[in-house]
Number of protein chains: 2
Amino acid sequence: MKNIELSDEALQLIAGRFRLLAEPMRLRILHTLGDKEMTVSELVAATAANQANVSKHLGVLLEAGVVTRRKEGLTANYRVTDETIFDLCDLVCSRLKDQLETRQRALANV
Amino acid sequence: MKNIELSDEALQLIAGRFRLLAEPMRLRILHTLGDKEMTVSELVAATAANQANVSKHLGVLLEAGVVTRRKEGLTANYRVTDETIFDLCDLVCSRLKDQLETRQRALANV
DNA sequence: ACATTACATCACTAAACCGTAATATAGTAA
DNA sequence: TTACTATATTACGGTTTAGTGATGTAATGT
C-alpha cells in the first residue's frame, strides 16, 4: 500500500475525508452523537451552538455519508453510521498523548 | 472514551491533526516519503511540485512532529516518524472503498 | 386559516490557507 | 571574494469555509 502510486483523485478523496474531521465543531457533534440518535434541537442544546451552524455541519456530515437522517414529524433525527470515525479519533488521540508525553520527558531533566 | 466530555482544547488539537492530512499535497509528500529519507529536491522531483510549496508543507509537517529533518551539508533530509499517519490513511481508504462499493450495489439493479 | 415549532437554506463577513514568485540564508566550490 | 546550489521565508492574490442573522419550508396544533 505504501508503495502503490496514488492518483490525484484518490488523494483528493482521502484528503476530503480528513477535512471532514478537521473541524472542532463537527468533532463535537459526532462525539455528542456517539451511538445515540439525536435531533437537531438536542444537539444545539448539547453543544451550545447556533442552530444554523449545527444544521450546516450536519448537512456536511450527511452528504459525506458519515451520519444518516431520519425525519419524524417535525424533528430530524441524526445518527452516526460510520463507526470508523471513532477509530480515527482514538488513533489520533492516543498518538497526541504519546507525543506530548515524549515532550514532557524531554523537559523532565531540565 | 465515547462518553467522556471533550474540552474545546482537546477538540482543537485533534482537529488540527486531521487538518494536517486534509491536504492532498501533504498526503502525496507523506506517501512519497514512505519509510525512506528524502531531500527536498528529491521530493520536488517526485511530486512535480513547486519547491516553495514542498518546503512549506514540510515545514508544517515538521512543526506537527510528523516528520523529522536532518541537515547534511546543503541538503535537508526528511523522514516520516509518525507511523500512525499511514494507519489513518489506510483506515480512511478502506472505509471509502466500502462506501463506494455499497453505492455501486445500490445502483446495480437499476 | 393562522400560529408555532423544528429544521434547512441563503447571503454575507471574516478568517484561514494554498500556491507561487521573489527574496533571503547558508553551505560549498572555485 | 565571488558564484552556485539547496532550502527556507516572505508577500500576496485567490479560494475555501466557518459562523451567523434572516428567511424559507414543512409539519403540527388551535
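In chain B, strand β1 (residues 37-39) pairs with β3(B) in the antiparallel sense over 3 bridges; strands are DSSP runs (E, at least two residues), helices are runs of H or I with at least four residues, and both are numbered from the N terminus. Pairing requires that DSSP finds at least two bridges between two strands. The model is predicted: local features need pLDDT of at least 70, side-chain atom pairs count only at pLDDT 80 or more, and totals for chains, interfaces and linings use all residues. Residues are numbered from 1 along each chain as its sequence is written, while chains are lettered from A and ligands numbered from 1 in the order in which they are written.

Strand β3(B) also runs antiparallel to β2 (residues 67-72) of chain B, joined by 6 bridges. β2(B) and β3(B) form a hairpin with 2 residues between them, and B:Gly73 in the turn has a positive phi of about 65°. Bridge partners in β3(B) include the following.

| Residue | Partner in β3(B) |
|---|---|
| B:Arg70 | B:Asn77 |

In chain A, helices α3 (residues 40-47) and α4 (residues 51-63) pack at an angle of about 115° with their axes 9 Å apart. Axes are lines fitted to C-alpha atoms, for helices over the stretch in contact, and angles run from 0 to 180 degrees between N-to-C directions. A:Val40, A:Leu43, A:Val44 and A:Thr47 in α3(A) meet A:Gln51, A:Val54, A:Ser55 and A:Leu58 in α4(A); contact means that C-beta atoms, placed from the backbone, lie within 7 Å. These residues divide into 5 nonpolar, 3 polar and no charged, where Ala, Val, Leu, Ile, Met, Phe, Trp, Tyr, Cys and Pro count as nonpolar, Asp, Glu, Lys and Arg as charged, and the others, Gly among them, as polar.

Between the chains, 36 residues of chain A are in contact with 36 residues of chain B. The largest share of the chain A side, 12 residues, comes from α5(A). By class, that side has 18 nonpolar, 7 polar and 11 charged residues. Because 100% of the interface residues of chain A are also interface residues in chain B, the copies meet through the same surface.

DNA strand D has 22 residues around it, of which A:Gly73, B:Thr39, B:Ser41, B:Ala52 and B:Thr75 come nearest; a residue is near a strand if its C-beta atom, placed from the backbone, lies within 6 Å of it. α4(B) gives the largest share of this surface, 6 residues. The surface divides into 9 nonpolar, 9 polar and 4 charged residues.

Technical notes: Contact = placed C-beta atoms within 7 Å.
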